[in-house]
Amino acid sequence: MLKTVKRFFQEEHGLNQRAREILRYIGPGILVTVGFIDPGNWAANMAAGAEYGYKLLWMVTLSTIMLIVLQHNVAHLGIVTGRCLSEAATEYLRPLVSRTVLLSAVTASVATGLAEILGAAIALNMLFHIPLKVGAIFTALGCGWMLWANSYKRLEKWIMGFVSIIGLAFLFELSLVNINWPEAAIGWVSPVIPEGAMLVVMSVLGAVVMPHNLFLHSEIIQSRQWNLEDEAVIQKQLKYEFADTLFSMCIGWAINSAMILIAAAVFFSNQVQVEELEQAEIMLRPLLGNAAAVVFAIALLFSGISSTITAGMAGGSIFAGMFSEPYDVKDRHSWMGVALTYGLAVLLILFIENPFQGLVYSQMFLSVQLPWTIFLQIYLTSSKQVMGKYANTGLQQIMLWAIGIIVSVLNMMLLWDFIK
């Protein structure tokens, strides 16, 4: 009997040890996840559900699978080399090439920051009637202070809390509506493009795969400075990184899916067309009640704040990498990157008359820059000079190039459609 009890406690102790070890590696993926549940995603998903019901849920599934592959691959770069994507580009590419690509990536971070700050400002206007431009300034200053005052680990906890609030908000919204679950299940796995839906399909994809997230993940994953000379530590990081990425991206998939489900159940079923986030919040009131509209705005606020924080981190990381430095918000180059990202974004918002057009133009620029980042990543992670024995295999290169080409073509089609 005593042996049985002793064995039980030993086994339980072993499980607790393994659980604690896994939790040490969880966090970087969550910070990346907020980038694809940002206000830009809200607009795309609301349009998808309101116009086409459950039919475009498969696009969330497909884009999330592609995102998992790309984020997992770029995280390997950070783990194996101890450098982020920006630092590696500076070290292994010619200066003219690396500076051109990285400056375009900094500009993409500004475009991303514009959308995120604008989303939070829209939520502040919904909740407290604060003018958009004033709300944008408050958001940028508040997020800048959070970056300056908090460490990586503390920011991970903040972001986990924000993502939890967003998730709970959508669970509450889902509890209020009648979802056609059999139709939704078919929508998740059946690739169908209804007539006239190509623009929305590409918008959903473009809002999920974003350039700043690729830079950010490679920076965060190696920021903990574990002993990279120890082969066992590298192997353990590679093992747990995939679990972190998969878990985090699945959370993003669930939240993006919930947006489409709610829009399909509320707006599509009532034949209500939604083109702006403010319009969605206003229409929720008569259909689901004031509580649903308030919860919607609160979730949007936390989405905007958390994604603004990560956009600033990405901008700081890219800019510091141009000087062969890791991200450190107290360092001059990192802080200049954050200031450029927020400052230029707010400056653009001050001159934007139509917030929806601001979101559109920011997504247009991301569509142009994204192929540069994806193919930069594939080049570096496929190079034995950079990755050594951890360089991409032939099969991995084929898969990555296929994803890169698909994502790039669809994003360029989205850009062309906007231009027309």
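Reply: Helices here are DSSP runs of H or I with at least four residues, numbered from the N terminus. The model is a predicted one.

Me: How many helices and strands does the chain have?
Reply: The predicted chain comprises 420 residues, of which 57% count as buried. Among its contacts with a separation of 6 or more, 83% join residues 24 or more positions apart. The count of secondary structure elements is 18 helices and 0 strands.

Me: Which helix holds His212, and is His212 buried or exposed?
Reply: His212 belongs to helix 11, which covers residues 211–221. Buried means a relative accessible area under 20%. His212 has a relative accessible area of 1%, so it is buried.

Me: Which residues does His212 touch, not counting those up to four places away in sequence?
Reply: Helix 11 meets helix 6 through Pro211, His212 and Phe215. His212 is also among the residues by which helix 11 meets helix 14. The residues touched by His212 are Gly35, Ser109, Thr112, Glu116, Thr310, Ala311 and Ala314.

Me: How are helix 6 and helix 11 oriented to each other?
Reply: Helix 6 spans residues 95–128, and its axis lies 9 Å from that of helix 11 at an angle of about 110°. Angles of 65 to 115 degrees count as roughly perpendicular. Helix 6 is therefore, relative to helix 11, roughly perpendicular.

Me: How do the residues of the contact of helix 6 with helix 11 divide into nonpolar, polar and charged?
Reply: Helix 6 brings Leu102, Ala105, Ala108, Ser109, Thr112 and Glu116 to this contact, and helix 11 brings Pro211, His212 and Phe215. The residues of the contact divide into 5 nonpolar, 3 polar and 1 charged.

Me: At what angle do the axes of helix 11 and helix 14 cross?
Reply: On the helix 11 side, the contact is made by His212, Phe215, Leu216, Glu219 and Ile220, which meet Thr310, Ala311, Met313, Ala314, Ser317 and Ile318 in helix 14. The two axes come within 9 Å and cross at roughly 75°. That makes the orientation of helix 11 to helix 14 roughly perpendicular, and the crossing angle is roughly 75°.

Me: What is the relative accessibility of Leu300, and which residues is Leu300 in contact with beyond four places in sequence?
Reply: Leu300 is part of helix 14, residues 290–321. Gly119 is 181 residues apart from Leu300 in sequence, yet their C-alpha atoms are 7.0 Å apart. Leu300 counts as buried, because its relative accessibility is 0%. Its contacts beyond four places in sequence are Pro39, Trp42, Gly119, Ile122, Ala123, Met126 and Leu277.

Me: How far apart are the C-alpha atoms of Ile349 and Leu118?
Reply: Ile349 sits in helix 15, residues 332–350, and is buried with a relative accessible area of 3%. Beyond four places in sequence, Ile349 touches Leu114, Ile117, Leu118, Lys133 and Ala136. Ile349 and Leu118 are 231 residues apart along the chain, and their C-alpha atoms are separated by 7.4 Å.

Me: Is Phe375 buried, partly exposed or exposed?
Reply: Phe375 lies in helix 16, residues 355–382. Phe375 has 25%, so it is partly exposed.

Me: Which helix supplies the largest share of the lining of the second largest pocket?
Reply: About 220 Å³ of space lies in this pocket. Its lining has 14 residues, with His72, Asn73, His76, Asn392 and Gln396 nearest the centre. At least two lining residues each come from helix 4 (57–81), helix 12 (231–268) and helix 18 (394–419). The largest share, 5 residues, comes from helix 4.

Terms used: Residues are numbered from 1 along each chain as its sequence is written. This is a predicted model: local features need pLDDT of at least 70, side-chain atom pairs count only at pLDDT 80 or more; totals for chains, interfaces and linings use all residues. Side-chain values use heavy atoms; hydrogens and water are left out. Buried means under 20% relative accessible area, exposed over 50%, partly exposed in between (1.4 Å probe, protein chains only). Contact means heavy atoms within 4.5 Å. Axes are lines fitted to C-alpha atoms, for helices over the stretch in contact, and angles run from 0 to 180 degrees between N-to-C directions. Angles under 35 degrees count as roughly parallel, over 145 as roughly antiparallel, 65 to 115 as roughly perpendicular and the rest as oblique. Ala, Val, Leu, Ile, Met, Phe, Trp, Tyr, Cys and Pro count as nonpolar, Asp, Glu, Lys and Arg as charged, and the others, Gly among them, as polar. On a 1 Å grid over the protein atoms alone, a cavity is a set of points where a 1.4 Å probe fits but cannot get out, and a pocket is an open set with protein on both sides within 12 Å along at least five of seven lines; lining residues have an atom within 4 Å of a point. Grid points are joined across faces, edges and corners, and a volume is the space filled by probe spheres set on the points.
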